[in-house]
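Please walk me through this structure, with attention to its charged pairs, its strands and its surface.

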Amino acid sequence: MSRPGTATPALALVLLAVTVAGVGAQGAALEDPDYYGQEIWSQEPYYTRPEPEPETFSPPLPAGPGEEWEPRPQEPRAPKRTTKPKKAPKREKSAPEPPPPGKNSNKKVMRTKSSEKAANDDHSVRVAHEDVRESCPPLGLETLKITDFQLHASTVKRYGLGAHRGRLNIQAGINENDFYDGAWCAGRNDLQQWIEVDARRLTRFTGVITQGRNSLWLSDWVTSYKVMVSNDSHTWVTVKNGSGDMIFEGNSEKEIPVLNELPVPMVARYIRINPRSWFDNGSICMRMEILGCPLPDPNNYYHRRNEMTTTDDLDFKHHNYKEMRQLMKVVNEMCPNITRIYNIGKSHQGLKLYAVEISDHPGEHEVGEPEFHYIAGAHGNEVLGRELLLLLVQFLCQEYLARNARIVHLVEETRIHILPSLNPDGYEKAYEGGSELGGWSLGRWTHDGIDINNNFPDLNTLLWEAEDQQNGPRKVPNHYIAIPEWFLSENATVAAETRAVIAWMEKIPFVLGGNLQGGELVVAYPYDLVRSPWKTQEHTATPDDHVFRWLAYSYASTHRLMTDARRRVCHTEEFQKEEGTVNGASWHTVAGSLNDFSYLHTNCFELSIYVGCDKYPHESQLPEEWENNRESLIVFMEQVHRGIKGLVRDSHGKGIPNAIISVEGVNHDIRTANDGDYWRLLNPGEYAVTAKAEGFTASTKNCMVGYDMGATRCDFTLSKTNMARIREIMEKFGKQPISLPARRLKLRGRKRRQRG
């Protein structure tokens with residue numbers, strides 16, 4: 001995508017101020033009398049933290065046989081956990097070992113004089129000399145940056161439990177014991193088992209994160225292990241604590257990640273984990289991530305191939321609630337003419353649900369201009385979507401100021417709403433755990449334990465039951481299905497965030513929307529609920545199935561990885577048969593999803609966009625993830641202009657609200673907005689379109705949708721029915737319409753009286 005021009009120097013300085021902004025205390029939710037009003041930003045200080053010092057690498061010096069490296073003595077750090085284990089582990093299988101970490105005396109770290117001794121100068125392993133510990137990012141087992149070919153193991157129980165499955169947070173399939181299981185598991189339970197990673201270049205290894213096996217039925221995890229490094233995969237050096245091999249404490253259960261930092265960073269190409277004890281009655285199974293900083297090596301082929309850079313000058317960092325508010329404020333100050341910040345409600349904990357509107361006339365609905373929205377963070381721990389939307393807000397502002405023709409046209413012809421964090425309470429929990437230590441579910445739900453994504457009323461069942469009663473009167477329309485009364489009661493299990501989104505979607509006539517989620521790489525389109533009650537997976541199409549397929553493909557096909565047939569599946573599902581898209585019900589059935597609710601209760605066509613295998617990628621991965629998704633985010637917004645649009649007016653030129661727009665052959669109608677304008681998403685083709693409203697005579701037109709971008713204009717002028725005219729005239733003169741049958745009976749009675 002062309003991006004002419006660059007941001008002004010002032011703009012760059014403003015963004016820099018946000019980049020160095022620190023993690024202040026969580027901003028309190030201020031009282032806002034106007035539910036949808038513009039936020040009045042307080043002038044509270046935005047606390048900053050010092051920038052991290054640049055990485056320094058001690059030059060790797062050759063070491064002859066028997067030479068020792070003598071870094072400053074340093075106490076090994078205790079393993080880090082996100083939460084305390086629920087219960088102590090049972091008796092462990094183990095062999096006699098040195099004392100656990102933290103119990104050894106501080107002695108020099110030296111090479112062993114056994115088989116782990118360096119064979120020659122070229123294969124020696126070096127130890128860093130830094131006094132200050134650096135924090136290295138993950139190598140990328142979870143994000144799949146580390147390929148299957150870089151993972152090896154001593155033995156495997158079977159292919160589905162091979163080394164390639166030993167990735168942090170990888171999930172098992174519905175049917176365990178298949179090709180997609182939830183860990184690496186050794187073929188034997190003894191002390192000679194190991195799993196190793198080939199970093200393919202010299203790397204400063206600083207830590208290891210481990211989990212147990214993801215399984216509903218089995219309890220398998222490693223409770224202690226050794227760490228070894230090598231430059232040639234033949235000669236290995238064990239990480240030591242003093243004069244003995246260091247034993248790292250592993251997991252106490254299977255899902256909570258545990259971090260162990262090396263007492264001294266080790267420079268090598270390979271790193272190996274050697275389990276020393278494991279859960280009683282279990283097996284040697286583990287998932288892991290390695291922390292390490294690759295050393296500069298411009299001649300390394302694999303480094304050049306995997307390197308990803310971006311030219312966009314954006315704030316690539318994770319933002320907590322306070323920082324997110326501040327970033328919104330900065331963007332609003334940079335682009336005051338096209339942005340507005342407002343909130344749609346509050347979370348269970350009282351945090352405001354902030355949205356950014358981007359339009360050439362922010363704050364007002366323009367007749368003939370479609371409304372679009374992006375939502376992220378319904379699951380608080382799926383952080384990538386949140387950051388992508390914050391990056392998108394910055395990008396649109398910058399490119400508009402740079403007069404990028406494509407972005408200018410999009411902003412001036414569309415009213416865009418971006419809600420980056422629907423579940424800020426859950427995000428704050430995940431943020432405390434951090435990128436690698438949050439696990440798969442920490443922060444997923446609201447503070448009161450509700451999954452927002454499945455918390456909307458089930459309108460599918462109401463529709464299908466009405467359709468099945470073919471002989472009875474139709475009680476439910478094929479659109480704008482009313483919310484059941486029980487759902488609206490105060491005692492209903494409905495999250496405050498869910499109620500806020502419903503009110504938001506009822507207030508604004510959205511045409512198209514995408515909710516960004518994480519943990520997979522696919523675009524899911526409705527329906528999300530299977531129609532057959534006895535099935536858990538079944539393709540369940542909407543009447544607009546072809547439109548939804550196109551919308552999903554428009555995002556997936558422009559994503560850098562979604563439609564790549566060579567890419568590895570994230571966990572267990574292969575989505576290439578539908579080019580990176582999937583019908584939600586054919587994947588897994590969900591009742592009360594946002595997608596189904598949006599389609600059946602409003603005019604909005606909603607899709608779920610899963611933007612990455614890693615729900616909470618490390619900050620260093622954000623530039624690459626932005627490049628993966630940037631074009632897709634823009635292309636999907638542009639699809640709001642595909643189909644037909646127009647005005648439905650009466651004979652006096654006044655817009656008719658709530659007029660029904662029907663397309664022949666598509667059993668799903670939409671309605672006009674308050675000004676009588678409408679937008680109907682359709683694929684290219686010729687359609688017979690009917691507009692009708694109560695008290696008006698219906699009108700039908702043939703409307704052609706072309707392949708070029710831009711909706712076809714298709715206006716309607718409706719004239720009132722005869723009965724509606726009579727009512728209008730009688731009401732004008734203060735009278736009521738006369739019922740003709742009643743008048744005839746009255747005349748007959750008068751004639752009888754005259755005869756008598």
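A salt bridge is taken here as a side-chain nitrogen of Lys or Arg within 4 Å of a carboxyl oxygen of Asp or Glu. The model is predicted, so local features need pLDDT of at least 70 and side-chain atom pairs pLDDT 80 or more, while totals for chains, interfaces and linings use all residues. Residues are numbered from 1 along each chain as its sequence is written, and side-chain values use heavy atoms, without hydrogens and water.

The count comes to 31 salt bridges. In one of them, the side chains of Arg-406 and Glu-638 meet at 2.8 Å, N to O. Arg-406 belongs to helix α5 (residues 405-413) and Glu-638 to helix α13 (residues 622-638), so the pair ties together parts 232 residues apart in sequence. Helices (H or I, at least four residues) and strands (E, at least two) are DSSP runs, numbered from the N terminus. Glu-638 is buried, at 17% relative accessible area, whereas Arg-406 is partly exposed, at 22%. Buried means under 20%, exposed over 50%, and partly exposed in between (1.4 Å probe, protein chains only).

Another salt bridge joins Asp-181 and Arg-213 (3.1 Å, N to O), and both residues are buried.

Strand β21 (residues 605-612) is mostly covered, with eight of its eight residues buried. Strands pair if DSSP finds at least two bridges between them. Strand β18 (residues 510-517) runs parallel to β21, joined by six bridges, and Gly-513 stands opposite Glu-606. Strand β19 (residues 520-525) runs antiparallel to β21, with five bridges; there Ala-524 has Ser-608 as its bridge partner.
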